Number of protein chains: 2
Amino acid sequence: MFNITTIYDIAKKTGFSKSTISRVTSGNGYVSSEKRQIILNAMQELNYTPNQVAKNLRNCKTQTIGFLSADYFPLMGEFINIFNSMAASYNYNTTVFFTKNAKNEQKILESLANHLLDAAFILTRINEWDLINSYTQFAPIATWQRVKNTNIYSNYVDHYPIYFKILEKLYNKGFERVGHVFSLERNENTKARIQAIKDFSLQHQASDHSYQLFYGQQSHAGQDVAQKWLAQKNRPTAMIFYSDYVAAQFISALRLNQVKVPEDCFVIGSDDSEIARLMNIPTVDFCFRSQAKNGFIYLYNQLNQKNLPFVPQVPKFIYQKI
Amino acid sequence: MFNITTIYDIAKKTGFSKSTISRVTSGNGYVSSEKRQIILNAMQELNYTPNQVAKNLRNCKTQTIGFLSADYFPLMGEFINIFNSMAASYNYNTTVFFTKNAKNEQKILESLANHLLDAAFILTRINEWDLINSYTQFAPIATWQRVKNTNIYSNYVDHYPIYFKILEKLYNKGFERVGHVFSLERNENTKARIQAIKDFSLQHQASDHSYQLFYGQQSHAGQDVAQKWLAQKNRPTAMIFYSDYVAAQFISALRLNQVKVPEDCFVIGSDDSEIARLMNIPTVDFCFRSQAKNGFIYLYNQLNQKNLPFVPQVPKFIYQKI
DNA sequence: TTGAAAGCGCTAACAC
DNA sequence: GTGTTAGCGCTTTCAA
């Protein structure tokens with residue numbers, strides 16, 4: 001159905017050998033500028049581009065990195081943007097996968113053994129890290145999540161100190177009942193946040209942090225929180241979320257119910273994402289942009305035995321107005 | 001550095017030929033269930049998965065579709081989500097490219113000739129359609145944009161009738177000065193919108209639609225519009241945008257300047273995106289979700305000589321409150 | 001039902 | 001500088 005001209009056609013047309021053609025297309029080896037020109041012309045004329053798949057097979061690499069996420073959420077788009085642009089500037093492509101379920105995630109990880117993917121970046125995962133870790137025998141894997149005791153590269157940011165500071169800040173502003181919406185409890189930074197609350201509560205008996213919810217996925221999480229919050233007798237006057245998006249859903253749902261934000265409920269998100277900016281939600285920059293870059297840098301270094309330096313990650317409050 | 005076991009290893013271990021191994025992995029051809037079992041066990045034991053790149057070379061296809069966008073904007077994430085999930089369910093991978101500039105876009109389109117990509121979907125483009133069209137000689141290309149006189153599949157929605165209706169609605173509600181923020185003028189649906197304004201103005205001399213702005217990219221477009229709007233003596237009391245995101249930027253910027261939305265300026269977006277929902281912005285569903293699906297369906301049908309039916313596309317007002 | 005052999009398009013020793 | 005050759009890992013005739 002579609003066009004196919006190969007290195008062999010160019011060889012035949014110009015009378016040179018395939019190797020010589022290969023030398024000019026790949027740039028490795030010597031070719032007299034005179035013959036090079038003839039070959040270039042022939043390529044032009046026959047509209048030839050080298051078959052990249054054949055190159056990949058020959059070179060045992062595809063210059064392609066898998067970008068895995070369990071499902072879609074808005075920050076993912078922003079993350080892909082950074083990661084992909086970084087990768088592109090080093091000549092790597094990014095194939096995006098929504099893993100959806102444990103079995104499918106494993107199937108996709110197999111692509112590391114398949115030689116289809118040179119490496120993988122994991123945004124959100126489904127299987128246990130140990131299982132995922134077993135694929136590092138085939139290719140390097142990186143994530144932005146906090147993971148320990150594996151060969152998976154993780155340039156995480158510890159949420160504990162900042163979370164503790166937020167609690168202090170809220171306390172000093174007079175918020176006594178503070179609600180918390182977390183990601184899954186199995187995540188290390190969820191544990192860190194809970195630990196911060198525990199430690200803080202010991203010092204400040206008056207403050208109540210018992211209102212806690214956990215969510216495995218972001219879609220409609222905020223709406224669910226809103227329903228629960230509205231049904232509550234003794235409503236928390238401040239709520240801290242593990243994601244700007246979920247915070248935004250929450251705010252949106254509250255406003256539809258004539259609840260005023262931030263007056264009736266002060267909301268803090270996480271991630272410093274576009275939504276937080278647009279809706280003017282106080283948030284915390286946990287440096288996902290640097291994390292995306294560093295994730296790629298690690299993979300690149302592994303793949304090419306290089307030592308590109310990592311970019312710094314300094315988390316920051318984006319307390320738009322507190 | 002990393003593991004490699006090939007079909008040859010399995011052949012050697014089991015004593016069968018490569019062809020027989022191939023028959024069990026690919027599922028084509030006959031193998032006695034007895035021998036099949038032995039081979040399966042050996043594969044298991046040696047942790048073997050067929051090299052997908054070799055398969056791709058042999059089969060002259062990669063089951064991979066390129067998803068091209070000039071740059072990132074929030075709707076893109078939602079679009080990828082739909083497109084990618086659709087593709088995955090038919091066993092196609094999606095590689096995302098930010099084309100960034102004309103030259104790079106062309107380089108990426110070359111991948112269709114390279115055999116790296118089986119097909120391409122174009123979200124936003126840089127080069128002229130004619131240039132892009134020339135790549136349909138290598139592989140099928142689809143887009144959601146309105147494009148004519150090419151081999152590029154386009155399941156666009158005509159903005160004219162809905163835009164006209166919006167103008168009527170605004171007019172009936174008493175809005176006399178209405179501002180318009182468009183995408184680039186070269187786009188067919190920008191032309192359609194302008195035509196709708198022209199035709200409407202002929203019938204309604206009183207209404208003023210002279211306030212018009214054009215943007216090639218979304219990042220900071222809304223902030224720019226806001227600056228201009230604020231500087232305006234005779235401010236439009238309603239503004240219609242070509243994108244929810246740009247509308248959201250505009251609203252956000254106005255609110256930072258103590259302008260009330262929708263009281264001081266009634267804003268309408270386009271796309272029925274997540275942001276419109278979260279910020280409660282009136283918008284128009286131009287069916288990007290169906291467009292994403294239909295785009296894939298076209299490519300799939302082309303690639304596999306199939307006839308999967310397209311899904312319906314019925315644009316709808318999402319006038320949250322007018 | 002299985003194996004031998006050719007070949008997908010390209011690259012890299014190696015020889016000249 | 002350039003050509004010959006072997007081979008990357010897989011599939012698919014063809015023959016047995």
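# Close-up views of a predicted protein–DNA model

**View 1. Ser111(B) sits in helix H6 (residues 102-114) of chain B.** A quick note on naming: helices (H or I, at least four residues) and strands (E, at least two) are DSSP runs, numbered from the N terminus. This is a predicted model, in which local features need pLDDT of at least 70 and side-chain atom pairs count only at pLDDT 80 or more, while totals for chains, interfaces and linings use all residues. Residues are numbered from 1 along each chain as its sequence is written, chains are lettered from A and ligands numbered from 1 in the order in which they are written, and side-chain values use heavy atoms, with hydrogens and water left out. Is Ser111(B) buried or exposed? Its relative accessibility is 7%, so Ser111(B) counts as buried (buried means under 20% relative accessible area, exposed over 50%, partly exposed in between, using a 1.4 Å probe and protein chains only). If you skip the neighbours within four places in sequence, Ser111(B) is in contact with Leu116(B) and Leu117(B), where contact means heavy atoms within 4.5 Å. Look for Gly66(B) too: it is 45 residues away along the chain, yet its C-alpha atom is 8.7 Å from that of Ser111(B).

**View 2. Here is the loop of chain A that holds Ser243(A).** The loop runs between strand S8 (238-241) and helix H12 (244-256) of chain A. With a relative accessible area of 2%, Ser243(A) is buried. Its side chain joins that of Gln218(A) in a polar contact of 3.2 Å. A polar contact is a pair of N or O atoms within 3.5 Å; within protein, one must be able to donate a hydrogen and the other to accept it, and residues adjacent in sequence count only if both atoms are side-chain atoms. The Ser243(A) side chain also has a polar atom 3.1 Å from the backbone nitrogen of Val246(A). Not counting residues up to four places away in sequence, Ser243(A) touches Gln218(A), Gly269(A), Ser270(A) and Asp271(A).

**View 3. Four strands of chain B line up as an open sheet.** Read across the sheet and you get S7-S6-S8-S9, with parallel pairing; two strands pair if DSSP finds at least two bridges between them. Strands of a sheet pair through backbone hydrogen bonds, either parallel or antiparallel. Which strands of chain B stand at the edges? They are S7 (212-214) and S9 (266-268), each with a single partner strand, so one side of each has no neighbour in the sheet. On average, neighbouring strands are turned by 15 degrees against each other, direction ignored. Angles come from axes, lines fitted to C-alpha atoms (for helices over the stretch in contact), and run from 0 to 180 degrees between N-to-C directions.

**View 4. Zoom in on S6 and S8 of chain B, which pair in the parallel sense.** Four bridges link S6 (residues 178-182) with S8 (residues 238-241). Val178(B), for example, stands opposite Ala238(B) in S8(B). Helix H8 (residues 160-172) of chain B packs on the sheet and touches S6, S8 and S9, with its direction at about 170 degrees to that of S8(B). Helix H11 (residues 244-256) of chain B packs on the sheet as well, touching S8 and S9, and makes about 145 degrees with S8(B).

**View 5. DNA strand C has 27 residues around it.** The closest are Ile7(A), Arg58(A), Thr20(B), Arg23(B) and Lys35(B), and a residue is near a molecule or strand if one of its heavy atoms lies within 4 Å of it. Sugar and phosphate make up 62% of the atoms of DNA strand C that come within 4 Å of the protein. Which helix gives the largest share of the surface near DNA strand C? That is H2(A), with six residues.

**View 6. DNA strand D is surrounded by 28 residues.** Among the closest are Ser19(A), Thr20(A) and Ile7(B). An N or O atom in the side chain of Thr20(A) is 2.4 Å from a phosphate oxygen. Arg58(A) goes for a base: one of its polar side-chain atoms lies 3.2 Å from a base nitrogen of DNA strand D. H2(B) gives the most to this surface, six residues.
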